[in-house]
Amino acid sequence: FSVCGGGDQLPFSNLSYYATDERGGTSLANLWRISSDVTGSWTLRFSYEVDAGLGQFAGPGGFNDPDMLLGSSLGAARRLEPHQSRTQFSLWAMLMAPMLLGADVRRLTAFDLETYTNEKVLQVSQDPLATQGSLLSSEGATSVWGRELLNGAWAVLFLNQGWLWTRKVMCSQSCWSKMSFRRNSTLHVEDLWSLTIPDEILAGEELSLEVEAGRSRMLRLSPRTAIVI
């Protein structure tokens, strides 16, 4: 059961009361809108920033809904640029958001099909621990997001919200401190969009990635002892 309403269709309406009110959340529905419609890049940012502070209200059977995935395919009333649509998909997986597609599935581009069928990102979205991700750190136009997964693993997303330049996005000590890894333990690193990075890293050491403007990179960090071969 999904609840949506309020805001009078204004582009920056905060509907988080559906999650925070004692009559709302899981006592009301299985998913509830927490922001007005995503219609472009600015409302996209507004929606995920509202959702960032609502993780405590989500869990098995109940989910914060920051609106649909827009996609980048032609023919939709609203669409994003391809790199923005992929970033939205990655963020929605981090936030355990409903994966509802607001586009004509008959006209999806090859890029969008590749985005929405990425099994590694979908595994994060559907992780059985059912814990919503959160903002780990932010500096200027960059931010790092984390989501705890089953068996001690974490998904970590490095986001560059800027418009013009590639930036270094860094997970520093304050970022690491919000994850559950034992300091200096060896972690297996997997890039969920198949970019080249080291296969292992020590928990707590500086982790920085170059991220192009408006884009993101998404990693899965797993304790080495938890890797099943």
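Author: Let us begin with accessibility: a residue is called buried under 20% relative accessible area, exposed over 50%, and partly exposed in between, with a 1.4 Å probe and protein chains only. The model is a predicted one, in which local features need pLDDT of at least 70 and side-chain atom pairs count only at pLDDT 80 or more, while totals for chains, interfaces and linings use all residues. Residues are numbered from 1 along each chain as its sequence is written, and side-chain values use heavy atoms, with hydrogens and water left out.

Reader: Why is C4 called exposed?

Author: The relative accessible area of C4 is 53%, and the word exposed applies over 50%, so C4 is exposed.

Reader: What makes S137 buried?

Author: S137 has a relative accessible area of 15%, and buried means under 20%, so S137 counts as buried. Setting aside neighbours within four places in sequence, S137 is in contact (heavy atoms within 4.5 Å) with S143, V144, M170 and C175.

Reader: How do you know that C171 and C175 form a disulfide?

Author: The definition asks for a pair of cysteine sulfur atoms within 2.5 Å, and the sulfur atoms of C171 and C175 are 2.1 Å apart, so this pair meets the definition. The structure holds one disulfide, and both C171 and C175 are buried.

Reader: Why is this disulfide called left-handed?

Author: The torsion about the S-S bond of C171 and C175 is about -95°, and therefore the disulfide is left-handed.

Reader: In which strand does S137 lie, and what makes β4 and β5 a pair?

Author: S137 lies in strand β4, where strands are DSSP runs (E, at least two residues) and helices are likewise DSSP runs (H or I, at least four), numbered from the N terminus. Two strands pair if DSSP finds at least two bridges between them, and β4 and β5 have five, in the antiparallel sense. Within this pairing S137 stands opposite V144 in β5. The two strands form a hairpin with two residues between them, and G140 in the turn has a positive phi of about 60°.

Reader: Which strand does β5 join through seven bridges?

Author: Strand β5 (residues 142-148) is joined in this way to β6 (residues 154-160), and the two run antiparallel; here V144 stands opposite F158.

Reader: Why are β4 and β9 said to stand at the edges?

Author: The open sheet has six strands in the order β4-β5-β6-β11-β8-β9, with antiparallel pairing. β4 and β9 each have a single partner strand, so one side of each is left without a neighbour in the sheet.
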